[in-house]
Amino acid sequence: MKTLQIKATTHEYEVVLGEGIRHRIPEMLEKDYQSILIITDDQVSDYYLEDVRQSFTGGQHVHTAVVPSGEASKSMECYEQLLDACTTHQLDRRSLIIALGGGMIGDLAGFTASTYLRGIDYIQVPTTILAHDSSVGGKVAINHPRGKNLIGSFFNPQKVVYDLETIATLSRKEIRSGYGEVIKHAFLSDVNWLESLLDVSLDTLTSRQLEEDLYRGIQVKASIVEKDEKEADIRQYLNLGHTLAHAIESELGYGRVTHGEAVALGLLYALKLSSRKSDKDLRVNDYVNWLRKNEYPLDLLRGLDAEKLVDRMKWDKKTIGRQINFVLLDGVGHPYVQAMDDSLLLNELKCVIEEVGNG
Ligand SMILES: NC(=O)c1ccc[n+]([C@@H]2O[C@H](COP(=O)([O-])OP(=O)(O)OC[C@H]3O[C@@H](n4cnc5c(N)ncnc54)[C@H](O)[C@@H]3O)[C@@H](O)[C@H]2O)c1
Ligand SMILES: O=C(O)C(=O)C[C@@H](O)[C@H](O)[C@H](O)COP(=O)(O)O
Ligand SMILES: [Zn+2]
């Protein structure tokens with residue numbers, strides 16, 4: 001078992017990584033909760049809901065709420081249903097919400113916890129690779145048709161219980177999606193790590209490498225959110241690749257592309273834009289080869305309208321007064337934020353769609 005301590009402004013919390021620890025959640029809790037609501041989706045529930053529920057043997061009232069799996073559930077409708085569930089089960093300020101699932105559930109259940117009774121405790125129990133990112137740092141949200149995560153808050157969990165055994169049931173597509181955020185963390189932090197990742201084929205990933213990558217990704221995320229929890233400054237770097245990714249997700253309709261695959265495409269665009277402004281080697285060609293080797297959906301770009309995507313980017317949370325601000329790299333491990341002209345964004349996007357989408 002490995003642990004990391006995260007210092008948030010409201011409290012410190014632990015991220016625990018280990019095998020089989022979903023069976024041991026009660027002993028990891030620091031408070032004695034009498035009412036618990038486990039929120040999960042209808043795919044994760046088939047695998048892991050009973051394990052978590054049955055771990056509570058101390059007579060607590062353990063309730064469950066299951067939403068449909070997929071990004072479309074990060075919605076006002078599901079949020080309202082979950083608030084209803086909180087009231088039906090009369091959760092109070094000494095109750096606990098358990099977010100059991102990937103980033104969709106983490107964001108949705110975390111947002112519910114952050115607003116019900118103006119905030120009750122919750123823990124993250126991530127079950128995807130991608131959720132090494134989403135379960136840490138306290139960003140919780142639901143989507144709006146105009147843009148991703150437009151309704152949300154910063155609200156940190158009491159604990160993150162990351163049972164690495166759960167990764168075993170992920171599909172190939174979800175492994176690929178998770179590595180979109182893993183490689184983002186590498187681009188943000190360390191050229192040696194990036195180079196080792198670029199050699200990896202996700203089909204032959206060893207569990208040892210996966211665990212190391214998850215741990216390193218969480219370290220990168222933790223080191224940034226501890227310094228700038230509410231994204232006044234350097235937390236914006238964690239948005240590398242996301243300005244385009246979120247535009248693609250909302251343009252296609254939530255759930256048509258996975259978040260991590262969209263981030264992987266957005267990263268490519270961010271690298272191309274960065275290369276226009278820096279002569280540092282950003283390993284762009286190696287990255288394109290890595291995307292192709294691992295079957296990221298580059299062809300998705302082909303059907304997209306560059307003008308519409310630039311319009312969508314205006315809903316990025318870094319946009320101020322319709323000025324789009326972009327996370328770029330001046331070399332691997334050296335992110336910065338730059339205000340960008342719409343015309344430059346549009347031209348480069350057309351080039352990427354032409355070059356990569358058709359290639
Ligand atoms: N809050 C943050 O800081 C942050 C960071 C990154 C991403 N996100 C958000 O996270 C979401 C994406 O998360 P995700 O990629 O985990 O998606 P997800 O939660 O939708 O999970 C992906 C799919 O995998 C299934 N699944 C989950 N765990 C499984 C398991 N162990 N075995 C088999 N199937 C499993 C789910 O049912 C779903 O169909 C997006 O909404 C994104 O915006 C938030
Ligand atoms: O934690 C952050 O900060 C991030 O930007 C991490 C991203 O991977 C994540 O997708 C996040 O939800 C995006 O935040 P948003 O503020 O752009 O919605
Ligand atoms: Zn993300």
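Me: What makes the shell around ligand 1 a shell drawn from domain 1 and domain 2?
Reply: In this predicted model, domain 1 (2-169) and domain 2 (172-357) each give the shell at least three residues. The domain bounds come from an automatic or database assignment.

Me: Which residues of the shell around ligand 1 are closest, and how many surround it?
Reply: 33 residues surround ligand 1. Gln43, Ser69, Gly102, Gly103 and Ser134 are the closest. A residue counts when its C-beta atom lies within 6 Å.

Me: Which element gives the largest share of that shell?
Reply: H4, with four residues. H2, H5, E8, H6 and H10 are among the elements that supply at least two each.

Me: What makes up the shell around ligand 1 by class?
Reply: 17 residues are polar, nine charged and seven nonpolar. Gly counts as polar here.

Me: Why are the buried residues of H2 said to be on the same side?
Reply: The buried residues are Val44, Ser45, Tyr48, Leu49 and Val52. Residues three or four places apart in an α-helix point the same way. On the other side of H2, Glu50 and Gln54 are exposed.

Me: What do the buried residues of H2 pack against?
Reply: Helix H1 and strands E3, E4, E5 and E6.

Me: Why is strand E7 called mostly covered?
Reply: Buried takes 20 or more other C-beta atoms within 10 Å. Five of the six residues of E7 are buried, so the strand is mostly covered.

Me: What makes E7 and E8 a pair?
Reply: Pairing takes at least two bridges. Five join E7 to E8, and the strands run antiparallel. They form a hairpin with two residues between them. His144 stands opposite Gly147 in E8.

Note on methods. Residues are numbered from 1 along each chain as its sequence is written. Chains are lettered from A and ligands numbered from 1 in the order in which they are written. This is a predicted model: local features need pLDDT of at least 70, side-chain atom pairs count only at pLDDT 80 or more; totals for chains, interfaces and linings use all residues. A residue is buried if 20 or more other C-beta atoms lie within 10 Å of its own, exposed if 12 or fewer, and partly exposed in between; C-beta atoms are placed from the backbone. Two residues are in contact if their C-beta atoms, placed from the backbone, lie within 7 Å.
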